[in-house]
Amino acid sequence: MADSAVRVRIAPSPTGEPHVGTAYIALFNYLFARKHGGEFILRIEDTDATRSTPEFEKKVLDALKWCGLKWSEGPDIGGPYGPYRQSDRKDIYKPFVEKIVENGHGFRCFCTPERLEQMREAQRAAGKPPKYDGLCLSLSAEEVTSRAAAGEPHVVRMKIPTEGSCKFHDGVYGDVEIPWEAVDMQVLLKADGMPTYHMANVVDDHLMKITHVARGEEWLASVPKHILIYQYLGLEPPKFMHLSLMRNADKSKLSKRKNPTSISYYTALGYLPEALMNFLGLFFIQIAEGEELLTMDELAEKFDPENLSKAGAIFDIQKLDWLNARWIREKLSEDEFAARVIAWASENDRLKEGLKLSQSRISKLGELPDLGAFLFKSDLGLQPAAFAGVKASPEEMLEILNTVQPDLEKIFEWNKESIEAELRASAERMGRKLKAVVGPLFVAVSGSQRSLPLFDSMELLGRSVVRQRLKVAAQVVASMVGSGK
């Protein structure tokens, strides 16, 4: 395949805060396209209609642009193979699904969610991996036609070979073989007429002429399904590359439950996008010690997709801090540094809105730093003493913090109104007054009992920073339980 024909894509789902893992995969694809003189495309995969929101889509685009990544086609700029948002492509997929069914490679499944859950529970109880048991494969053509004509809800599933295995070559893992018995009869078309990720993924990659699919290694087990769909449609699959997952220092999977993973967290704390891309790009190149500080152009020049490691990419925050410090010291002029600081402080109107909230709460301008500094701090340095004035025991505060954290994750649109509504609901579920819940949260978020209004402050700080501060506060309070503090 000629280098000029290379087309790669990043296809995030707008279902939450943009993850650094998305930036990691996007950067690889971007560098791959540059290496081969190809095209880098952005596609929004929003087949999960219940969780996808325009707010999260905007955050995805803003985060990737902040990272310095540029795409030649996408939902914001269009292109010859659009639309680039799956929800706008709904009518495109059905003919492909119908072709699979008509050729005998797919079937309609009328099993209810309740029946499927009972089936999976029985399989788990028997020590078997849960997968579809093929019940609807035995339905006659007449029964299928009559039930569908009567409007009975159903999905379309793909058939899977009963013997042998799927063999394919991966650009990172080499030759891979996965037995067909390990592959589920995947749903291709949901009851609401939307395709599943697997079906839409294949159709979109084909129609958008994607030549190489580079994604995280968690999708390696899905390759047999995708190859089978390509075969059922008589299409040529792209070349696959599955990149090692980013992991914590203890080799556990990078997860927001353990560490900050949102790009917005790193923007809020004042990391430079060049430093973050530099850090992530080091996973894809071979360099000698002392050559770590690299611009995007230098990363592209040294990028070597033929020599990728299967070992986990360790997200070493200390190395990121070291690189960020070097970028600030060595790459920015005095004027550039001042401009970056002002731009950072002004992100999401944090400075302007923070000053607005402070105006009625100070008697001298010199009081501003103590009152509003928490909006800009990377670490509050929270200690048990900060909670001394809260009228609750450590056990009660810990219960509040542990209850509120998952409740706040339910919020789709992060603003002071939705935050207040969710915290009121949390307080009611705990059988407490809102004031009792707000006490420890105030300290957790601001580090002080005298500060700016809580709900406004949480909105300005952003979801990812609040998440991390509540997590740290819970650890501090947990150390107080049973200690008499």
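Where does arginine 43 lie? Arginine 43 sits in the loop between β2 (39-42) and α2. Helices (H or I, at least four residues) and strands (E, at least two) are DSSP runs, numbered from the N terminus.

## Basis of the model

This is a predicted model, in which local features need pLDDT of at least 70, side-chain atom pairs count only at pLDDT 80 or more, and totals for chains, interfaces and linings use all residues. Residues are numbered from 1 along each chain as its sequence is written, and side-chain values use heavy atoms, with hydrogens and water left out.

## Domains

The protein is split into domain 1 (7-88 + 247-324), domain 2 (90-243) and domain 3 (368-483). These bounds come from an automatic or database domain assignment. The centres of domain 1 and domain 3, taken over C-alpha atoms, are 30 Å apart.

## Where domain 1 meets domain 3

In this interface, 16 residues of domain 1 are in contact with 11 residues of domain 3. Contact means heavy atoms within 4.5 Å. The two domains bury about 1,100 Å² between them, 55% of it on carbon and sulfur atoms. Buried area is the accessible area (1.4 Å probe) that two parts lose on being put together, summed over both.

There is 1 salt bridge between domain 1 and domain 3. A salt bridge is a side-chain nitrogen of Lys or Arg within 4 Å of a carboxyl oxygen of Asp or Glu. Arginine 463 forms a salt bridge with glutamate 17, and their closest N and O atoms are 3.5 Å apart. On the side of domain 1 that touches domain 3, α2 (54-66) and α8 (263-268) each supply at least two residues. Helix α8 gives the most to that side, with 3 residues. The residues of that side divide into 5 nonpolar, 5 polar and 6 charged. Here Ala, Val, Leu, Ile, Met, Phe, Trp, Tyr, Cys and Pro count as nonpolar, Asp, Glu, Lys and Arg as charged, and the others, Gly among them, as polar.

Arginine 43 is buried, with a relative accessible area of 0%. Buried means under 20% relative accessible area, exposed over 50%, and partly exposed in between (1.4 Å probe, protein chains only). The side chains of arginine 43 and glutamate 45 make a polar contact of 2.7 Å. A polar contact is a pair of N or O atoms within 3.5 Å; within protein, one must be able to donate a hydrogen and the other to accept it, and residues adjacent in sequence count only if both atoms are side-chain atoms.

Beyond four places in sequence, arginine 43 touches residues including Arg9, Tyr84, Gln86 and Asp204. Glutamine 86 is in the loop between α2 and α3 (90-102). Glutamine 86 counts as buried because its relative accessibility is 0%. Its contacts beyond four places in sequence include Arg43, Glu45, Tyr93 and Met194.

## Arginine 215

Strand β8 (residues 212-216) holds arginine 215. Arginine 215 counts as buried, at 4% relative accessibility. A polar contact of 3.2 Å joins its side chain to that of histidine 226. Setting aside neighbours within four places in sequence, arginine 215 is in contact with residues including Arg9, Ile25, Tyr197 and Phe240. Arginine 215 and isoleucine 10 are 205 residues apart in sequence, yet 8.2 Å apart in space, C-alpha to C-alpha.

## Helix α9

In helix α9 (residues 273-281), 8 of the 9 residues are buried. Among them are Pro273, Leu276, Phe279 and Gly281.
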